[in-house]
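My notes follow in the order I looked things up.

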Amino acid sequence: MVPEGRPDGAGAGEESARLQAAGSVRKGCDLLANSQHGCLQSRRAQIHQQINRELRMRTGAENLYRATSNARVRETVALELSYVNSSLQLLKEELEGLDGNVDADQPQSEGITVPMIPLGLKETKQLDWATPLKELISGHFGEDSASYEAEIRELEDLRQAMRTPSRSEAGLELLTAYYNQLCFQEARFVSPARSLGLLFHWYDSLTGVPAQQRALAFEKGSVLFNIGALHTQIGARQDRSCPEGTSCAVEAFQRAAGAFSLLRENFSHAPSPDMSPASLSMLEQLMTAQAQECVFEGLLLQAPVAPHDCLAQLHLAQEAAQVAAEYRLVHQTMAQPPVQDYVPFPWTTLVHVKAEYFRALAHYHAALALCDGAPVAEAELPALEQIFLGLPASSEPRGPALPQEQEDRRKLGKAHLKRAILGQEEALRLHAVCRALRRVDLLQVVLAQALRRSLAKYSELDLEDDFCEAAEAPDVRPKTQRRPEGRAPSFSRVKVADIFHRLGPLSVFSAKNRWRLAGPIHVARGEGGFGFTLRGDAPVLIAAVVPGGRAAVAGLKEGDYIVSVNGQPCRWWKHADVVAQLKGVGDEGVSLQVLTLLPGAEPPGSGDRRPALGALLRSQKERGWETPGPAQASPRPLLGWNRKAKRGKAGRRLSPAPHP
């Protein structure tokens, strides 16, 4: 069942802020912000189910129509097929209207900018962490599961909050914090032979169809997808009529592209279309194209370009051509199966519209450079020929050089304006064809304004006695001064503490290891001390036991971990803390509880300590990222490092048990 949407009243924002101030809502969570998206997801899923039902009916009717030779039966089936096809058309039109809500996340500003495409968040059901975690804590870890109810409740509250993140930096931090917690839980509770036993339900962002998996990697991948989707919403909501807004939008779309790229490289066997490699590749291309568009808008805002500045106008023409090339690539990807089967039709149309619009804009700026620009020096001609003819700098001219006479420049500029007008008319035609885009008034205003501007310039150049038809204007070669690349999410900037920190260091106390607890073992102090040597931190390891000494007689063995000293838990104690405690005991001795790893357990610090489903973490290690961990302990075991192993290489810090 899709989470129910709450009514979005006039005071929704104030109510959400009041709940956060009262401490009942986690920071970054907006309970009311996504209620509309919840209703849309629910209705979208229902429509997809109805479409699938109608398609099955149509398939059965078509089979019956082909199999029968009875005229009356064929007539009845044909009539039924017409009803089914009509129902399908109505359902698809309604789905197109829901998917075409591209202006929902657009900024409210006075500036006129082309709308962007934000991506909706994946939604999920509530999850009961308590049952499987309590079984693991009591069964595998040997702890009282009732004493961990506060930790389990904290994890459930965090997951509940991240279902409705606010469209802000606080919302991103909330999603990142939950993702980091999932890394901790995967390292502690998941092993190759055991999963959590939870069924994770998530709804497809593009179709609303539910999907489910028992792998914790599906939960992590879905959260990472939402991090990218939230970046798209933040980028689409920026006021791009000012330089600060365009810069923020560029960064947001770069972050989104990086999140989708990371997910595509490390997540396989996706149960939902939106997380398939083809979809993620398309989304990565789309966000890169939108970032490139924001780069172009930023160049327009940095300093108004004078019409007579020929080179500046030509650079703008190349930037616009680069944006058009990016959107053409996205449109080609969207038009191919399997992506075309589930990408919303308004998205495909809007991308096509933008490709035509920016290609026309490139020709418009080229025309301004030719008609209004001052004659250029002879030394600049090779650069201009590269822009128009696409020739390498070292090649010989293969075509006519760019005109230097004013009349020839006017004719070539007029040819570019003609291509600009044709492109803008095509963009308006595509806009009018899509029913959902016709409701986006801002897009129509931008397209119509650009067409009027080109027509006005063309009328200035069109002379009464100009009977010669100008040659076809060449394409403008795409080139950009700044090509935005995807930027992977920075997980390390959100510091979190392992919620189940009390269970002990992850290097030992995880589902991958099996152990036996012994004790309390009483060890008396002898003339040479307790008869054992210590090494490492959290937990402290018995590195050596003196044969025949007090420790050996008491039953301590090399490789045991000290987890309690005189009844005080010391799993997180440092080496110096344990030594100081042992030095403080008198002749009566000390009572120790020790842990012995059983065969089949993975020794801490040996091999590659990566989580069982840690493909995303492996990628972070290879890229040099750190996964944030608790303030009290190093998160390195999650990434395959171990502090004790490093110290052993550096000289194996050994400390004998304190002497009397």
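Predicted model: local features only at pLDDT ≥ 70, side-chain atom pairs only at ≥ 80, totals over all residues.

**Entry 1: the cores.** I started with the largest nonpolar core, which has 110 residues. Which of its residues touch the most other members? They are Trp-129 and Phe-500. I then looked up the surroundings of Trp-129, leaving aside residues up to four places away in sequence.

**Entry 2: H11 against H13.** Next I turned to helix packing. Helix H11 covers residues 345-371, and helix H13 covers residues 406-433. I found their axes 8 Å apart, at an angle of about 165 degrees. Angles over 145 degrees count as roughly antiparallel, so H11 is roughly antiparallel to H13. H11 passes H13 in a left-handed crossing. I also checked what kinds of residue make up this contact. They divide into 14 nonpolar, nine polar and six charged.

**Entry 3: H13 against H14.** I followed H13 to another partner, helix H14, residues 441-461. Here the axes are 9 Å apart and the angle is about 155 degrees. By that angle, H13 is roughly antiparallel to H14. The crossing of H13 past H14 is left-handed. I noted some of the residues that make the contact. From H13 they include Arg-410, Gly-413, Leu-417, Ile-421, Leu-428 and His-431. From H14 they include Leu-443, Leu-447, Leu-451, Ser-454, Tyr-458 and Leu-461. The residues of this contact divide into 13 nonpolar, five polar and five charged.

**Entry 4: one glycine.** I ended with Gly-245, which lies in helix H8, residues 243-266. Is Gly-245 buried or exposed? Buried means under 20% relative accessible area. Gly-245 has 5% relative accessibility, so it counts as buried. Not counting residues up to four places away in sequence, Gly-245 touches Gln-238, Asp-239 and Arg-240. I also looked up its separation from Cys-294. Gly-245 and Cys-294 are 49 residues apart in sequence. In space they are 9.2 Å apart, C-alpha to C-alpha.

Conventions: Residues numbered from 1 in each chain as written. Heavy atoms only, no water. Axes fitted to C-alpha atoms, helices over the stretch in contact; angles between N-to-C directions. Helix = DSSP H or I, 4+ residues; strand = E, 2+ residues; numbered from the N terminus. Parallel < 35°, antiparallel > 145°, perpendicular 65-115°, else oblique. Left-handed = near helix turned anticlockwise from the far one by under 90°. Nonpolar A, V, L, I, M, F, W, Y, C, P; charged D, E, K, R; others polar. Core = buried A, V, L, I, M, F, W, Y, C linked by side-chain atoms within 4.5 Å. Buried < 20%, exposed > 50% of the residue type's maximum accessible area, 1.4 Å probe, protein only. Contact = heavy atoms within 4.5 Å.
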